[in-house]
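Please open the model in your viewer and keep the selection tool at hand. The tour goes from one selection to the next and says what is there.

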Amino acid sequence: MNTEVLPVEDDEIVKSNKPSPWVRLAKNTSVRVGGFLFSIILLMSLFASLLTPLDPTDINPSNRLKPPGYEGTLRDNDGNKYQVTARMGTDTLGRDIYARVVYGARISLIVGIAVALISVAVGTFIGLVAGYFRWVDAIVMRFMDGLMAIPAILLAISLVALSGASLTAVIIAISVPEIPRVVRLVRSIVLSIREEPYVEAAISVGTPTYLILWRHVLPNTISPLIVQGTFICGSAILLEAILSFLGVGIPPETPTWGNIMAEGRDFFQIYPHAIFFPGIFLSLTVLAINMLGDGLRDTLDPRMEGKF
Amino acid sequence: MNDPRTVLDIKGLTVRLPKDSDRENAIEDISFCVNAGEIVCVVGESGSGKSVTAQTVMGLNPPDQLTPTAGSILLNGDEILNIPQPMLRKLRGERMAMIFQEPMTALNPVIRVGDQIAEMLEIHTDMSVSERNARVIEVMEDVNLPDAPSMAKSYPHQLSGGQRQRIMIAIALALEPDLLIADEPTTALDVTTQAQILDLIKDIQRRHGTAVLFITHDFGVVAQIADKVVVMRNGQMVEQGTMDHMLHHSIEPYTRMLISSVPPLIPPKRALMTKGKPILSTQSLVKTYGAKGWFGKGRVVHAAKRVELEVRRGETLGVVGESGSGKSTVARCIVRLINPNGGEILIDGKDIAGLSQKALRPVRKDVQIVFQDPYRSLNPRRSVGKSIVEGPMNFGVSKTAAFKRARDLMEVVGLSPNALDRYPHQFSGGQRQRICIARALAMEPDVLIADEAVSALDVSVQAQVLELLDQVRKDFDLAMLFITHDLRVAAQICDRIMVMKLGEVVEQGPTASVYANPQHEYTRILLDAAPGRDVDFTAGVSAVR
């Protein structure tokens, strides 16, 4: 017991050799491929007007149901004729499918990202409160269980049917069934973190509850939520397409991938291109987002560490 | 020890760590041997490579991460390092067996313990079912398990920690291996259970002539059972020799430091505080768990039964007891991390037992706690400076003033003030515990509770943190409640001792008189169970000096 208390100098402090999360992310193949595909689609939606001079909602009855590569003439407002190529053909109303697909990426990404943000934000709030306050938990979680029992697509259809078809209605309708999943995730993290000694230490130094949640609990939920968010984004894009395809989503004149496919459904056997092209883009987008999510989970989730 | 046959012979063993680690090799040039009928203790602090050594012998290292690069391991004269897995699998169990630290997780929870023992026989022998069952009962009786036939039919969760560890030993011994490797087998157990398991291992080794390789960090345990000792530090062998040599004649400074870090069981003389009003006291404090269930009454656990204690300023009250004795429950009730079911908690005369969370906040600063696990007591995402100033800033201290005080406190706890903007992972366990003490002191509390605050630390670091706790108690005139399972530690720091068993206080009194003349049977059992109690750890050191 005759040990001296010595000050710790800088060189005595343990150095960590673990690469930072950003370095590990940049090394992950799934993140690279997914991120590359996703940024192409993002750029495509942002610069849609540079990629095609045509208006995706312009109806041209004389050019109905043309195959890909069809060259037709159009007249602008001043009466001048000019040549256009329908790279992906035209639909039953003579609208250019290429233009509709390129502009449709906007709607898909808006829906995907908005749903991910809304459901994560709302779900995190409810999950934090439910996980930390036990009496809230009993009530809120029963409600969430009930919500989870209804299939997402049915719930979305009925919500859109109630409020009328619009972009906002679709975003809300898709977000609602995703919220319970986020709540469950956040709640389970909160339940384990609230038992950590550092949270108890914060309680014993008199930190108010909202600050405990904000400083000590919330940061632990971020990486699982980034992962969950990407998966929600992917499934929201799919769900939007399904709703549009079923005719209960965004109004049919708005170019969305689901709407284009719904439009081409009747002539699928003769003119498959109307479904083929938007379908390809839809699958690529969802694939890109899911790969990104997989890669994020592999790098950010500590339980997956060392498995690859 | 009539039979000098060498069972295990390790020569120049070197195991490489993965590339990004803090050192190149996990262990470097380790050489020692274990003879039949001999217990060899490998002792060292965390990170010394003692477990890696044991796992390399068993061939249990993760293959991509720990690669043996040099040396040889001979089992009964046959090379077993880097032999193919099928050959190794045959050796495991038959000629060498291992028991682990955690008896809770080392057994499969969904298989009856008897079947888990029989599994060994099924794989390695061609015994019939009835022969196997008979052998299972035989080995269970061999490890002194009562009523073996019925216990063989129970599941692990139905057994106590000590019984599970006996089952583990029974599994290891079922095939009468030549070598038994025990990796910290008693660290997770209570002292009284630890004493029984140590006796058992020694007894088995004597009866069967098994060679035992025993890994531990505790020199008390070493003194109790070892024939030969190997001291390791940072992957290197410091020295090896007989127990007697180590205790009395070693000249290696590291060995001597390890030995002298074992706190003696004899409390030093301390002036007893009798003056002054108690700053902290409890009156018939009651905490019960699991009283109400949804369907009728659930199982009720009385974690604290009418606990009464008193601590004055500048005084340390030690609360000792085994796991489940309710000592931590009392601490957590006093800090009001859990709500007591009844009784009074008086802080400077004010009862806080029934206060609402809101009314409690102003009182929180008076009572501070330091937890056991230094790796979980600091938020890994906040710099230690932010962790320290959090409390004072909650009570309206300005940021600059709080940080100025944090810098002073870092010096008080023996750390460089410049380290405030570093994160917890950049500190060692002992350093983190110092930071936790600084965080508690930042609140300028009247009462400091140390809940097993030194239990997770290496012995050498433990001594320093104890010293620090005692120092701050003196300098800040704190009332300290020191909770521990370790009677040696309690002897060094406590003015008075309170012994708890199953939620009840069985004995209370000045440390010196409780140790010298225990009144309660349970206190006597606890004192007798302290490992190496007959060995004077200061003797050898002074002899060399």
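How much area is buried between domain 1 of chain B and domain 2 of chain B? About 1000 Å² is buried there, with carbon and sulfur atoms giving 59% of this, where buried area is the accessible area (1.4 Å probe) that the two parts lose on being put together, summed over both.

Before going further, note that this is a predicted model, in which local features need pLDDT of at least 70 and side-chain atom pairs count only at pLDDT 80 or more, while totals for chains, interfaces and linings use all residues. Residues are numbered from 1 along each chain as its sequence is written, chains are lettered from A and ligands numbered from 1 in the order in which they are written, and side-chain values use heavy atoms, with hydrogens and water left out.

**Stop 1: two domains of chain B**

Colour chain B by its domains, which are domain 1 (1-95 + 179-190 + 204-260), domain 2 (102-176) and domain 3 (278-289 + 300-544), with bounds that come from an automatic or database domain assignment. The centres of domain 1 of chain B and domain 2 of chain B, taken over C-alpha atoms, are separated by 26 Å, and their contact (heavy atoms within 4.5 Å) takes twelve residues from domain 1 of chain B and 14 residues from domain 2 of chain B. Next select Glu94(B), Leu189(B) and Ile204(B), which supply 39% of the area that domain 1 of chain B buries against domain 2 of chain B, more than any other three residues.

Across this interface of domain 1 of chain B and domain 2 of chain B there is one salt bridge, a term that stands for a side-chain nitrogen of Lys or Arg within 4 Å of a carboxyl oxygen of Asp or Glu. For another selection in chain B, show the side chains of Arg207(B) and Asp142(B), which meet in a salt bridge at 2.5 Å, N to O.

**Stop 2: further salt bridges**

Select Glu94(B) again, now together with Lys90(B), and a salt bridge of 3.2 Å (N to O) joins their side chains. The two are four residues apart in helix H2 (residues 85-94) of chain B, so about one helical turn separates them; helices (H or I, at least four residues) and strands (E, at least two) are DSSP runs, numbered from the N terminus. Glu94(B) is partly exposed, with a relative accessible area of 23%, on a scale where buried means under 20%, exposed over 50% and partly exposed in between (1.4 Å probe, protein chains only).

Move on to Glu504(B) and Lys305(B), whose closest N and O atoms are 3.7 Å apart in a salt bridge. Glu504(B) belongs to strand E20 (residues 504-510) and Lys305(B) to strand E12 (residues 301-312) of chain B, so the pair ties together parts that are 199 residues apart in sequence.

**Stop 3: the core of chain A**

Finally, select Ile174(A) and Trp257(A), which touch the most other members among the 57 residues of the largest nonpolar core, meaning a set of buried Ala, Val, Leu, Ile, Met, Phe, Trp, Tyr and Cys residues joined through side-chain atoms within 4.5 Å. The largest share of this core, 15 residues, comes from H4(A). Leaving aside neighbours within four places in sequence, Ile174(A) is in contact with residues including Val111(A), Val115(A) and Leu239(A).
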